[in-house]
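User: I am new to this structure. Please walk me through it in short steps.

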Amino acid sequence: MKAFLWVSLAAAMAACSAEYTPKPKGYNRIDLPTAAYQSLPAQHPYTFEYSKYAKIRPDSSGIAQPHWINIIYPQLGANVQLTYKNIGHSDKVLNSLIEDSRKLTSKHQIKAYSIEESEIKTPAGDIAAVFELTGEVPSQFQFYVTDSTEHFLRGALYFRTATANDSLAPVIEFVKKDIIHLLNTLKWREEK
């Protein structure tokens with residue numbers, strides 16, 4: 001019995017001295033669909049093509065106004081919030097909306113490593129400002145687009161998850177391409 005105890009103790013000590021190698025960090029597998037688009041229904045003063053994998057829902061927040069919508073990607077946990085304002089040929093209103101958009105983007109500076117701004121001229125001739133944010137920020141991509149006389153549309157991408165942004169990078173890129181497609185297919189309509 002003592003011999004068995006000694007052998008067991010020796011085996012246990014030998015096992016404890018073996019080197020431990022941690023497993024590499026794993027990442028969730030994200031299967032992204034092939035891009036496919038559909039037209040927005042005609043009930044808004046704007047129209048565009050959005051992903052067939054997304055759903056359109058009216059904004060239900062307490063401050064929501066007419067024509068504010070959410071483009072929800074249920075499988076990806078992503079949401080693009082869109083807010084619309086009529087400018088009414090007022091330079092003062094336009095400048096105020098642009099300034100508000102910049103302020104909302106700059107609120108992320110606390111956690112953002114960088115905020116890159118670029119300007120896009122859409123095929124319809126509108127000017128869009130696009131903001132790409134890097135770091136652990138709640139919104140990685142924001143934009144506004146205007147015809148500078150009547151219409152102003154602002155958007156922001158959000159995720160309903162606590163997953164780190166580096167793990168979400170493929171999904172962020174996928175939705176960014178959808179947003180650029182939205183901007184390139186955007187057309188304004190007269191309000192009813």
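User: Which residues of α2 are buried?

Analyst: This is a predicted model, where local features need pLDDT of at least 70, side-chain atom pairs count only at pLDDT 80 or more, and totals for chains, interfaces and linings use all residues. Residues are numbered from 1 along each chain as its sequence is written, and side-chain values use heavy atoms, with hydrogens and water left out. Buried means under 20% relative accessible area, exposed over 50%, partly exposed in between (1.4 Å probe, protein chains only). In α2 the buried residues are L94, L97, I98, S101 and T105.

User: Within what arc do the buried residues of α2 fall, seen down its axis?

Analyst: The arc is taken from the directions from the helix axis to the C-beta atoms. The buried residues line one face of the helix, because they fall within an arc of 95°.

User: Which strands do the buried residues of α2 pack against?

Analyst: Contact means heavy atoms within 4.5 Å. The partners are β6 (78-86), β7 (112-121), β8 (127-135), β9 (141-146) and β10 (151-159).

User: How far apart are the end C-alpha atoms of α2?

Analyst: The expected span is 1.5 Å times one less than the number of residues. For the 16 residues of α2 (residues 91-106) that should be 22 Å. The model agrees: the end C-alpha atoms are 22 Å apart.

User: Which element has the lowest mean pLDDT?

Analyst: pLDDT is the predictor's confidence in each residue, from 0 to 100. The protein averages 89. Strand β3 (residues 49-51) has the highest mean among the elements, 98. The lowest, 68, belongs to helix α1 (residues 2-16).

Methods
Helix = DSSP H or I, 4+ residues; strand = E, 2+ residues; numbered from the N terminus.
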